[in-house]
Every structure is written in structure tokens, then in C-alpha cells.
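Reader: I have a model open and want to go through it. Can we start with burial, then move on to charges?

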Amino acid sequence: MQFAMSVVSFLALAFVFALGVLAAVLIAMYVVDRRQRGDAIRRNYPVIGRFRHVFSTLGEFFRQYFFAMDREEMPFNRAQRDWVERSAEGKGNTVAFGSTRNLGIPGTALFMNAAFPPLDDQFASSEPLVIGPQARTPYSAPSFFNISGMSFGALSKPAVRALSKGAAKAGIWLNTGEGGVAPYHLEGGGDVIAQIGTAKYGVRDEAGAMSDDKLRELAALDNIRMFELKLAQGAKPGKGGILPAEKVTDEIAAIRGITAGRASISPNRHLEAGDWGELLDMIAHIREVTGKPVGIKTVLGGDEAWAEFFELIVARGADSAPDFITVDGGEGGTGAAPMPLIDLVGMPIREALPLMCDMRDKHGLHARIRIIASGKMVNPSDVAWAICAGADFVTAARGFMFSLGCIQALKCNKNTCPTGITTHDGKLQRGLVVEEKYLKVANYAKQVIKEVETIAHSVGVAEPRLMTRAHVRLVQDDGRSRPMSELYPSHSHSHSHSHSHSHKL
Ligand SMILES: Cc1cc2nc3c(=O)[nH]c(=O)nc-3n(C[C@H](O)[C@H](O)[C@H](O)COP(=O)(O)O)c2cc1C
């Protein structure tokens, strides 16, 4: 009895003490909030004002699970992400009952089904397309859908390894991004495009200039199929790559040829190329040294300047042309970029791609310069639209991050990515099991390719690259759709290929 009494009085005492501590903390917070000068809400509403910050931080997480509608979130909504997740898991990708997509939004692409689509035995699979026939070692690229540049640095080691093995399994290429070629890019044994960023990471000499010896060393590797000179990317046109200091590990620094623990900032353009002439000279030089196809990656800021570029190519002769141009939409993603550039600089791919294709075709360079499109091309319908518009290839970056398990936590710039994709923290990388994830990467790629083929068959052609602008209608402001071939009359209506057009039905 006495024991029970003493337990009760102990608990009562502990409770009173806890209340006292709580009151002291609240009073301290009250005083701190009232006296601080930086935050008006906390100064006017001490203690309680702190909840605003807590809730808006938590909202970031809760919205995704409870509140956001399927088609509501940005940059990618749940419907888009779920599609990638299901494909990556190799699950059937059929949905029930009907479309949840609002088909009345201006710009929506609607594919025009044929009255008499081809039968199963009239389908053809998409054939490899040659890039850079003039180079000593042209590249016959097997797939129209591939992985866009994401550097080792922005991405973690297991992420790059899984992409490399997955790309090899699916028979698609992997672009290294501007951080140089890491052993992990080569691990899978598939095709690799080596990107040369403005800081020349991986191909720079002691002084930071482009080194022909390093270029030759890379070109000697069979898996390195092409070189891509990065002029700009959609998320930050006019600004070079940014890798925050906490992500510059010893290994990354060694591969890039820079100092560990210091932010890695690339110049905002190639020092060697200040005008179109110098750019063509640089392309010719890299092609001569490496013997492999060389192209550029850019974002369209308008068409006038680029018209001059094509005129100069015609004047110098088609041989001087880049072997490919990657057009990245202004809506492109990145590991880290200033918000105004992410949001509002650069033309979106929906407008830029038809413009670039038309400029190329107008100058008779249709068969000479391949066009690669990127910018939120995550689902088959986006990829099919790009091919209809005139792209020869399409690449995705964030789509493949989703296939690796990205949950769009928007922490790529912080080294705290919860899925291990963009962090160098070993504990978080444990979540990303390469041997599982590489299969998902391959499944996703194959599923996109398969469903783009399905769209092609539905519009009445035997394979995707036979689709043209006449096969798509774009929804207008008044809710009615018009054929893309009328809105963007092109100079040449079909893709030119290494194979014949005999499949056209
Ligand atoms: C994590 C991350 C890293 C990237 N790193 C590079 C890079 O090194 N070089 C580059 O040209 N683009 C880089 N990008 C841009 C992508 O290659 C691509 O152009 C852009 O994200 C649009 O494609 P998406 O919408 O499929 O993501 C990066 C994108 C992401 C998300």
C-alpha cells in the first residue's frame, strides 16, 4: 500500500516537473520570438507563429500522399510517375474505365488513329539509325529512346551503375553528363555518349583546357560511341554546371580533375567557342581527334541566331555540321540550378523542337544532322509526340530517375536524397540495390519503346519513325484540335533513314 502511494506521488511529481519544464521552454520561446527581428510572424505571434514553418515543411510531404490529385503535382504528377513505376516493375500497364487526363488543355497532343491499322504481321521494329556517317567510326544507334546526360556527381555511384547495366540490357545509350566518364558508366558494357561540359571535366589538362590526349584515350574505348559538346541545358541556360561542395567527394574530384570539398562550378560557355565559326571549328577538331561523331546539346532561345548557324554550315559544306543536335526544353531538370533559370529561361521543347527540325530541313541537312529531343519526355505519348514533330531520337533523364525509385523529394542539390539516387551518403545509398534496380531501368525503357510502337501502329504506320506531324492533332484554345502538320508545316514530312520507307502503309 505504501509502495503504491509512493509510486503515485512520484508520478505526480514527475508530471508537475514536466509541466514546469514545458512552461519554461514556452516562455523562453516566447521571449526569443518577441525579441528576434528577422521574422515578422514570430515577432507578432510568438510561439504559435512557429507552426507555420513546421506545417509548410510537412505539407511538402503530406501533399504527395493525401492531397494532390493524380494530375496535379509538378514537375511530374502522380499519373506520370506511377506509369514509370509500373513499367519499371514489369507490371502490365493497362488502366481501367477511361482517361483521367483533361484532354481540353491547349497544346495537348492527340494521336490520330487510322481506320485500318496494320495487322500484327505488318509491324516492323524500329531499325538502328546511323549518326555521323562522315566520322571515321559512325555510330549505328539501336534505339530511339535513350538516357539523357546526368553526371556522376549529381548522381550517386549505385545510380550510375544501375543505369549503365540497365542501358546495356535494354540496348539503349547512356549519356555521361558533364562530370566526365566514370568507370561506373562503362561497367554495364553498353553504348556510352561522353559529354564534354564547359569545364571539360574528364578531358581537361592541368590548366583546365581541353586535352587531345585525354580525348584520344576516351575515343579508344569501343563503348564510347559519340561525344556531345554541351552548350546549354534546359534547367539553366547561360549558366554552367553546379555541383555543391558537399557532393564533391575525393573520387568525384579525381574523375573531374578538380579539388575535393569545393563547389564545382563550370563556366557559362566554352571559352573556345564565342561564335558559330569557332563552334564549328571545335566540333571539327574533336571529330578529327576522336574519329567519332560529335554533336551539341543546347536550348533554343529563339530561332534567329540559329538560322545563322545553319547558313554557316551550308556555306562551309555539310561535312562541317555537327552530327547531331540535342534540343533540351526549357522545362529540363537538373541537380542544382537558380530558380529563375529553371522556371523561365529557354524555350519549352513543344515549341523548340519543331522549330529546330524545320531549320535543319530547310537547309537540306535532314539526313546529315540527327535531332535528339529531351524535356519531360517520360511517358510514351511524349516520346511519340517528339518523333512525330521530327526528332530522330528522344532522351529522358528524370524518367530514368523514377525507374530507379526517385520519389520527387526535390533534394538533389542537398546530398540527402532519401532514395540514394543523388546522394553520396553511404547510409542512404544502401536503399539503392543495383542488382534490382538495373532491371527496372531496362524494363522502363523497353516499355516506353513498346508503347510508342503501339501508338505508331494505331496511327497506321509500321514503326515509330514513320510517324509524321500529320498523325497528331494539337488542342487549341477553343477546345478544338488541329493537325500539327497544319500548325507547323514542315519542309519535309517524314524522317529520312538508313532503311527504305517500304513499311509505310
Ligand atoms: C540529376 C540531374 C543531373 C543532370 N546533369 C546534367 C549534365 O551533367 N549535363 C547535361 O547536359 N544535362 C544534365 N541534366 C539535364 C538532363 O540531361 C535533361 O536535359 C533534362 O533534365 C531534361 O530531361 P528530363 O525532363 O527527362 O529530365 C541533368 C538532369 C538531372 C535531373
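Author: Buried residues make up 49% of the 505 residues in the protein. Buried means under 20% relative accessible area, exposed means over 50%, and partly exposed is in between (1.4 Å probe, protein chains only).

Reader: What are the ground rules for the model?

Author: It is a predicted model: local features need pLDDT of at least 70, side-chain atom pairs count only at pLDDT 80 or more, and totals for chains, interfaces and linings use all residues. Residues are numbered from 1 along each chain as its sequence is written, and side-chain values use heavy atoms, with hydrogens and water left out.

Reader: Which domains does the assignment give?

Author: Domain 1 covers 2-72 and domain 2 covers 120-503; the bounds come from an automatic or database domain assignment. Taken over C-alpha atoms, the centres of domain 1 and domain 2 are separated by 48 Å.

Reader: How many helices and strands?

Author: The protein has 17 helices and 15 strands. Both are DSSP runs numbered from the N terminus, helices being H or I with at least four residues and strands E with at least two.

Reader: Charges now. How many salt bridges?

Author: The count comes to 20 salt bridges, where a salt bridge is a side-chain nitrogen of Lys or Arg within 4 Å of a carboxyl oxygen of Asp or Glu.

Reader: What does R161 pair with?

Author: R161 pairs with E187, at 2.9 Å from N to O. R161 is in helix α5 (residues 157-170) and E187 in the loop between α6 (183-186) and β6 (192-196), 26 residues apart. R161 is partly exposed at 23% relative accessibility, and E187 is partly exposed at 36%.

Reader: And K165, what is its partner?

Author: K165 forms a salt bridge with E435, with the closest N and O atoms 3.4 Å apart. This pair links distant parts of the chain, K165 in helix α5 and E435 in helix α16 (residues 434-459), 270 residues apart.

Reader: Take D382 and R350. Is D382 buried or exposed?

Author: D382 is buried, with a relative accessible area of 8%, while R350 is partly exposed at 32%. Their side chains meet in a salt bridge at 3.3 Å, N to O. D382 lies in helix α13 (residues 380-389) and R350 in helix α12 (residues 349-362), so the pair ties together parts that are 32 residues apart in sequence.

Reader: Which residues are joined into one network?

Author: D33, R42 and R50, through salt bridges that share partners.
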